[in-house]
Amino acid sequence: QVQLVESGGGLVQAGGSLKLSCAASGRTFSNYAMGWFRQAPGKEREFVAAISRSGGSTYYGISVKGRFIISRDNAKNTVSLQMSSLKPEDTAVYYCAAGRTLRTTPGYDYWGQGTQVTVSS
């Protein structure tokens, strides 16, 4: 089992920045690819970003590419999502996910409880 706990969500004005963090425990963190997804009310869960086990490869959803940066620290068992130039449409619950295989779809093995991000216009 892998336990994931997100933090860093909150309310921010459009154009602002926010950094989300996800702390992992339970298994060897570096054995897992990590992803961030988000879900707004009434919408499907959307891929945001993913990072390989070593951190050498990253992938982004079209709507966030160029504005968000995913990173990981395998020594600290954490993965982060730096969000910049935030827009009201970025408002959602953001979820951290871990899996043996890096995916851009929600097929991960483990999920956090989510953290709310609200961007005001």
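**Serine 52.** I looked up the surroundings of serine 52: leaving aside neighbours within four places in sequence, serine 52 is in contact (heavy atoms within 4.5 Å) with Ala33, Ser57, Arg72 and Leu102. The model is predicted, with local features needing pLDDT of at least 70 and side-chain atom pairs counting only at pLDDT 80 or more, while totals for chains, interfaces and linings use all residues. Residues are numbered from 1 along each chain as its sequence is written, and side-chain values use heavy atoms, with hydrogens and water left out.

I located serine 52 in the loop between strand E5 (46-51) and strand E6 (58-60); strands (E, at least two residues) are DSSP runs, numbered from the N terminus. Serine 52 has a relative accessible area of 14% and is buried, a term for under 20% relative accessible area with a 1.4 Å probe, protein chains only.

**Strand E7.** I next examined E7 (residues 68-73), where Arg72 points to one face with Phe68 and Ile70, these three being buried.

**Pairing.** I found E7 antiparallel to strand E8 (residues 78-83), with six bridges joining them; two strands pair if DSSP finds at least two bridges between them. Methionine 83 in E8 is the bridge partner of phenylalanine 68. The E7-E8 hairpin has four residues between its strands, and asparagine 77 in the turn has a positive phi of about 60°.

Strand E3 (residues 18-25) also runs antiparallel to E8, through six bridges, and leucine 20 has leucine 81 as its bridge partner there.

**Sheet.** I recorded an open sheet of four strands in the order E1-E3-E8-E7, with antiparallel pairing. Strand E1 (3-7) and E7 stand at the edges with a single partner strand each, so one side of each has no neighbour in the sheet.

Technical notes:
Buried means under 20% relative accessible area, exposed over 50%, partly exposed in between (1.4 Å probe, protein chains only).
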